[in-house]
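Here is a short briefing for a reader who is new to this structure. The points are grouped by topic.

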Amino acid sequence: MTPELVSLADIEAARERLRSVVRTTPVEPCRPLSAKLGGPTWLKCENLQRAGSYKVRGAYVRISRLSEQERARGVVAASAGNHAQGVALAAGLCKTKATVFMPVGAPLPKVAATKGYGARIELIGSTVDEALVAAQEFAERTGAVFIHPFDHPDVIAGQGTVGLEILEQVPEAQTIITGIGGGGLISGLAVAAKALRPDITVIGVQAAGAAAVPPALRAGRPVRIPNVATIADGIAVGRCGDLTFAHISKLVDEVVTVTDEEISRALLMLLERGKLVAEPAGSVGVAALLAGKVEVRTPAVAVVSGGNIDPLLLLRVIEHGLSAAGRYLHVNVRCADRPGQLAALLSLIAELRANVLDVAHQRHDPRLHLGEVEVELSVETRGAEHSDQLVTALRGAGYQVDVGTPFS
């Protein structure tokens with residue numbers, strides 16, 4: 001039996017409930033995407049929402065609709081971070097206690113922020129799915145109300161308010177693209193968008209290492225994928241919900257996937273060109289557009305759904321993004337082991353206006369010939385074309401050059 005879908009009236013009621021709780025996040029023009037797509041492209045900045053993501057919308061609608069008796073028992077949730085923070089913030093606003101189960105590897109800033117909003121944290125399992133099981137068992141044992149991260153009508157209605165805002169801010173929009181984890185955001189967004197603008201295109205994006213929706217669409221029902229592995233922890237969900245699947249299968253026009261490398265490029269672009277700090281899960285829509293994974297009609301709006309990123313992960317992502325964009329070059333260069341050879345090598349690199357970041361000198365590798373040395377270099381370049389010019393020049397100068405990956 002197909003579940004009943006959330007209605008536009010449900011989302012409009014949720015918006016009234018949220019009016020004094022959440023902010024109307026801005027939409028910002030994105031010149032790099034506009035140039036690539038050949039038309040106006042906007043970013044819906046939910047990374048600037050309270051608690052750093054759209055999740056507070058659904059969490060507050062769900063918790064605020066509980067009875068006094070239910071609130072007295074407290075609420076429980078499971079999340080890698082954003083839903084956790086949304087539930088913790090909403091519970092505090094609704095004056096009820098919150099317990100949140102998070103995977104053991106959840107980003108420390110998200111754990112700290114959730115605690116800061118007043119929730120009690122339980123770290124368990126290695127995935128959100130394992131934390132979900134623990135949270136549901138806790139609810140059955142204690143009577144706390146389980147606040148599902150995506151598969152509940154109130155949650156979907158709350159997330160759908162993002163769609164209302166987009167169509168008010170960019171009424172001429174032809175395409176909306178956003179990430180999919182469990183499917184709560186795109187479900188609500190698609191209800192609002194299709195009800196108000198039936199001609200609009202709604203596209204979902206998943207991380208390739210956590211893409212549970214494409215096989216579900218092929219099977220005609222939600223299916224669980226065996227492995228989840230992606231830097232986009234906020235959408236690392238192994239199975240979409242029954243209710244969200246019903247919305248996605250009926251209302252979403254297309255679902256595509258992006259690799260972690262494509263996500264890292266998007267994060268770097270948002271940081272450098274958009275001056276926006278986003279998390280991997282929040283940037284998958286942008287990643288799909290940058291990578292040309294989908295053809296879209298413009299004006300287009302990409303939802304940047306969250307900005308809660310661990311600074312250490314941000315550092316690694318920046319490095320990886322620069323590498324993926326061809327701006328870091330890692331080479332092993334063999335040359336004669338004679339005085340002045342290293343200086344000559346570095347001088348040639350300097351003449352080509354590349355910047356050497358790291359140098360390692362290796363004489364004792366058994367693969368080297370007698371009188372030969374290998375120099376391992378990490379070099380900053382201006383892009384893939386500049387990297388190719390550098391490698392060509394080194395080989396032209398007689399060096400044996402092997403190109404590697406610095407941040408593998």
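Helix α12, at residues 260–272, has 13 residues and reaches 18 Å from its first C-alpha to its last, close to the 18 Å expected at 1.5 Å a residue (helices are DSSP runs of H or I of at least four residues, strands runs of E of at least two, both numbered from the N terminus; the expected span is 1.5 Å times one less than the number of residues). The model is predicted, so local features need pLDDT of at least 70 and side-chain atom pairs pLDDT 80 or more, while totals for chains, interfaces and linings use all residues. Residues are numbered from 1 along each chain as its sequence is written, and side-chain values use heavy atoms, with hydrogens and water left out.

Helix α12
- The buried residues of α12 include Glu 262, Ile 263, Leu 268 and Met 269, where buried means under 20% relative accessible area, exposed over 50% and partly exposed in between, with a 1.4 Å probe and protein chains only.

Second largest pocket
- α12 gives the most to the lining of the second largest pocket, with 5 residues.
- Among the residues nearest the centre of the second largest pocket are Arg 265, Leu 268 and Met 269.

Strand β13
- Ser 378 lies in strand β13, which covers residues 372–380, and Ser 378 is buried, with a relative accessible area of 14%.
- The side chains of Ser 378 and His 330 are joined by a polar contact of 3.2 Å, that is, a pair of N or O atoms within 3.5 Å, one able to donate a hydrogen and the other to accept it within protein, with residues adjacent in sequence counting only if both atoms are side-chain atoms.

Key
On a 1 Å grid over the protein atoms alone, a cavity is a set of points where a 1.4 Å probe fits but cannot get out, and a pocket is an open set with protein on both sides within 12 Å along at least five of seven lines; lining residues have an atom within 4 Å of a point.
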